[in-house]
Amino acid sequence: ALPRDMEGLHVAVSAGGTREPLDPVRFLGNRSSGRQGFALARVAAQRGARVTLVAAHTADLAPPAGVEVERVGSAAELRDAMHWVAKDADVVVMAAAVADFRPVDLAEHKIKKSDRDPDPVRLTRNPDILVELVGARRAGQVVVGFAAETGDGQGDVLDYGRAKLRRKGCDWLVVNAVGDGKAFEVEDNAGWLLSATGAETALPHGSKARLASAVWDSVIRTSRG
Ligand code: C5P
């Protein structure tokens, strides 16, 4: 059994991949399964936290027991939901794979096949929700980001992670190496947990639940001052 050491904490977790609509039936998406975010939510609830899970598109995952789940589609919807729940959260975790870009135009009707060449899809930038949440952080609130990096070696991945932690301004950053069957669409995960204070903890290869537990071990120590 897990310790009930998260009682009294409200944690907000985002998970899954956003879908940016092109027309009523098509979207731009990504391969996030949502498994790591769901594991963070499930483990936090098992440890006694009140948990709100904002879930974009995921694999067919069972909603974690005792967790309030809000489903969203696009980055814009995820952004609204996270700003809302963050107002009342002690810890905010952005584990979702948020699209960096969305189509400029949303066709009202299904885009028709035609004999002429298709128009190029014009894209515009989505706001960085993590950076916004850091900017809106209330006193004592802890903000955790994720970084999925492909690198030629572990040195690269860590360096990218350190730079991203500074750029985003969050308190913690979970860095995962992705590609070659790592992290996305698989059951296991591994990486590093980087702290804005400079502490760096290896997260050994294991289940996403184990990684979630290791992340909470570190994060709750800071959220209680
Ligand atoms: O810059 P990058 O997308 O690699 O950063 C990943 C982190 O930023 C994740 O925590 C992700 O949830 C968050 N993110 C965000 N809004 C975006 C893009 C990423 O909150 N538009």
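Let me begin with a term: a residue is called buried when its relative accessible area is under 20%, exposed when that area is over 50%, and partly exposed in between, with a 1.4 Å probe and protein chains only. By that rule Asn-189, at 5% relative accessibility, counts as buried.

A word on what we are looking at. This is a predicted model, in which local features need pLDDT of at least 70 and side-chain atom pairs count only at pLDDT 80 or more, while totals for chains, interfaces and linings use all residues. Residues are numbered from 1 along each chain as its sequence is written, and side-chain values use heavy atoms, with hydrogens and water left out.

To stay with Asn-189 for a moment, this residue lies in strand β11, residues 188-195, where helices (H or I, at least four residues) and strands (E, at least two) are DSSP runs numbered from the N terminus. The side chain of Asn-189 makes a polar contact of 3.2 Å with the side chain of Asn-176. A polar contact here is a pair of N or O atoms within 3.5 Å; within protein, one must be able to donate a hydrogen and the other to accept it, and residues adjacent in sequence count only if both atoms are side-chain atoms.

Now to the ligand. Which residues come nearest to the ligand? Of the 13 residues around the ligand, they are Met-94, Ala-96, Leu-130, Phe-146 and Lys-164, and a residue is near a molecule if one of its heavy atoms lies within 4 Å of it. By class, this shell holds 8 nonpolar, 1 polar and 4 charged residues; Ala, Val, Leu, Ile, Met, Phe, Trp, Tyr, Cys and Pro count as nonpolar, Asp, Glu, Lys and Arg as charged, and the others, Gly among them, as polar. At least two residues of the shell come from each of α3 (129-135), β9 (142-149) and α4 (154-168).

Turning to individual atoms, an oxygen atom of the ligand lies 2.3 Å from an N or O atom in the side chain of Lys-164. For Met-94, a backbone N or O atom is 2.7 Å from a ligand oxygen atom, and for Phe-146, a polar backbone atom is 2.9 Å from an oxygen atom of the ligand. Of the 450 Å² of accessible area that the ligand has on its own, the protein covers 87%, with accessible areas taken from the Shrake-Rupley method with a 1.4 Å probe.

Let us move to Asp-23, which is found in strand β2, residues 20-23. Is Asp-23 buried or exposed? With a relative accessible area of 2%, Asp-23 is buried. The side chain of Asp-23 is joined to that of Arg-26 by a polar contact of 2.5 Å, and a polar atom of the Asp-23 side chain also lies 2.8 Å from the backbone nitrogen of Ile-111.

Thr-18, in the loop between β1 (10-15) and β2, counts as buried because its relative accessibility is 0%.

Finally, two phenylalanines. Phe-38, in helix α1, residues 35-46, counts as buried at 1% relative accessibility, and its C-alpha atom is separated by 8.5 Å from that of Ser-14, 24 residues apart along the chain. Phe-27, in strand β3, residues 26-28, is partly exposed at 37% relative accessibility, and the C-alpha atoms of Phe-27 and Leu-165, 138 residues apart along the chain, are separated by 30 Å.
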